[in-house]
Structure formats: C-alpha cells, structure tokens
Amino acid sequence: MTVPPAAAPDGVVVVDKPSGSTSHDVTNRIRRALRSAYPAPRRRHGHKVGHTGTLDPGATGVLVVCLGRATRLVPFLQAGQKTYEARMQLGRTTTTLDADGDVTAEQDASHVDEQSVCEALKEFVGPIAQIPPMVSAVKVGGERLHVRARRGEVVDRTPRAVVIHDVVLEDFAPGAFPEVGFLVSCSAGTYVRSLADDVGRVLGVGGHLIALRRLESGGASISQAVGLPDVEAAIIAGRLPDLLLSPAAAMAQAGYPTVVIEDDAVLQLSHGRPVAPTGHDGPVSAVDSAGRLIAVVADGDGRARPLVVLSPA
C-alpha cells in the first residue's frame, strides 16, 4: 500500500452521490477518511471539506467536493449551471413535493397527454420566480426551513429568481398517474421538485418529483464522477491525488478565464495586494508559471484585486 504524505492534498473531486445520503453525509465520510489517512493535518482546525451545491438525500449524481485550500473556491464553483435528469408523477401532490413526503391530494390524470406536458414544461423556460420548499436548507428567521417543517410549521417564503435554460421531455408513460421523464438545465438555486409541483399545477392535476439525478454542475459532469466508496478507498490507499482536479483546473472547467502572472505579482497576491488589471470582466484565476492557482481576482479601479487567495503550498 502506498504511504500517503504527511499533509492531505488540496483539490476538487467529483463524487457520484449515492441515494439515501445527504450531501453533508458525503463530506463527513470524506473528512473521516482523511483523518484516518492523514492524522496530522497542517490546518489547526483539521481537514477542510466542502461541497458546491446540496442534493436531496434521495437524489444522486454530481456532487463537487472541495478539499483543503480549494474550499475557498466553493462560492465560485457553486454558481455555475446545473443539468438534471428528473422524473415526476402527475395526479399526486406530497408534503415535500417529492416521493419522501406524505400524499396530500390525489386525482385521476389519465386525460393528460404528452403534448400537454410538453406545453406545460415550455412555460417555465426562461427567468422564473420559485418559492423554496418548506423542506429545504434555506434559512428564514435564522433557522433552516426543513427544521421548522419537522415541527409542523409552514412559514412565508420569499420567491427567488432562477433561470430554466432548457427543458426536454424524455419519455411519457400515460395512465391514471402518468410519469414524465425530462432533462432540465437551470441556474444555481433552482429546485427541480418545485418545478415538478408547478408543472402539475399548470396541468390542473398536481404532481411531485419521484427521481432526480444531477448530470452536470459548474462544468463537472457525471462522466468524471467517482463513487463515494471509491473515493474513500483512494484516500486510505494514498491515491487521492489521482482523483483530484487542481484548484486551477476546477476553475477553468467551471468556465472562469485564467491569466498567468509574473513572479513579483505572485508575491503581491499571496499577501492580498492588488496587481495589474487582467482585462476581463468578473472573477479570473491568477496562476503562476507552474500553473498553480494563487488567487481569484477581479478588475476594479484600474487594478486586479484578490477576491480569495490560495497561496502555493
């Protein structure tokens, strides 16, 4: 067995989240494996592990997990477009808008056909306002909605602006409770179960989400995702670097431009000081001659100022 180095590497791993686990469960299992393989972390508060977008426990697919210094990139990596493969059932609504909740209403939807479903889906393409589900991680009054929902509370929620870039019907199974498979590309913060509920309302029969798999998130795709047990095994065996995207590669994959900076600018950025402008709008990855991500910067007032600094190890 390969003996891992004393310090865990920094980087990003794309995990294929299993059904039945929360996103928090995934990061906790990776953190435990890191503690076992790297018992003396260089960081005072232990191994840093974070993800770039929560998936519901029943959902599977792409969960981008950041390790070490790469956790500083979470705000940038979670902002990208998402793509989901989803399945909904018409004719039934539930307390959670998905299959985990109790059925609240039921009616025969056998009159709904494929054409009417296509038309209903198209109504939601573009900018829309969504009300976050009660069973979600959104905080209202300093407390997460799912905590209040477990107490039986229903509170007012502010609609949030999201964008549905595209919706494609994949299959339609008719019946008293038809099932609809569809692909949806959307902005960060979109709730696909809210979309399923809204489509059911437009059709006049109600509906809820019964399956969800994330295929893409911020440039990361399901084709590069690794099963959670395989990630844990790689950590223990000292093969974690084989699975990692470097911080610079993760930012490039997410669509952020990259600029190479001179040695003197590397030192300035490492200390949080501004450097010459990049000429780009929005966040930019500033890397050294070796390709290491030194900082994420943005132009302003004639200089490029660091938004977050990742000094080389």
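Modeller: The account below begins with the sheet and then turns to its surroundings and to the chain as a whole. Please bear in mind throughout that this is a predicted model.

The part in question is an open sheet of four strands, arranged in the order 15-16-17-18, with mixed pairing. Strand 15, residues 258-260, and strand 18, residues 303-309, stand at the edges. Each of these two has a single partner strand, so one of its sides is left without a neighbour in the sheet. On average, neighbouring strands here are turned by 40° against each other, if direction is ignored. In general, the strands of a sheet pair through backbone hydrogen bonds, and they may do so in a parallel or an antiparallel sense.

One pairing may be followed in detail. Strand 17, which covers residues 293-300, pairs with strand 18 in the antiparallel sense, and six bridges join the two. Within this pairing, valine 297 has proline 306 of strand 18 opposite it. A helix also packs on the sheet: helix 8, residues 263-270, touches strand 16 (284-287), strand 17 and strand 18. The direction of helix 8 makes about 85° with that of strand 17.

The structure holds one aromatic pair. Its members are phenylalanine 76 and tyrosine 256, with ring centres 6.2 Å apart and planes at 90°; the pair is therefore edge-to-face, a term used for planes over 60 degrees apart. Tyrosine 256 belongs to the loop between helix 7 (247-253) and strand 15, whereas phenylalanine 76 belongs to helix 2 (residues 74-77). The pair thus links distant parts of the chain, 180 residues apart. Phenylalanine 76 and tyrosine 256 are both buried.

Leaving aside residues up to four places away in sequence, glutamate 232 touches Arg29 and Ala33.

Finally, the whole chain gives the setting. It has eight helices and 18 strands. Of its 313 residues, 47% are buried. Among contacts with a separation of 6 or more, 69% join residues 24 or more positions apart. The accessible surface of the chain comes to about 14600 Å², and carbon and sulfur atoms account for 51% of that surface.

Methods:
Residues numbered from 1 in each chain as written. Predicted model: local features only at pLDDT ≥ 70, side-chain atom pairs only at ≥ 80, totals over all residues. Heavy atoms only, no water. Pairing = 2+ DSSP bridges. Axes fitted to C-alpha atoms, helices over the stretch in contact; angles between N-to-C directions. Contact = heavy atoms within 4.5 Å. Buried < 20%, exposed > 50% of the residue type's maximum accessible area, 1.4 Å probe, protein only. Areas by Shrake-Rupley, 256 points an atom, 1.4 Å probe, with all protein chains shown as cover. Phe/Tyr/Trp six-rings, centres within 6.5 Å; stacked < 30°, edge-to-face > 60°.
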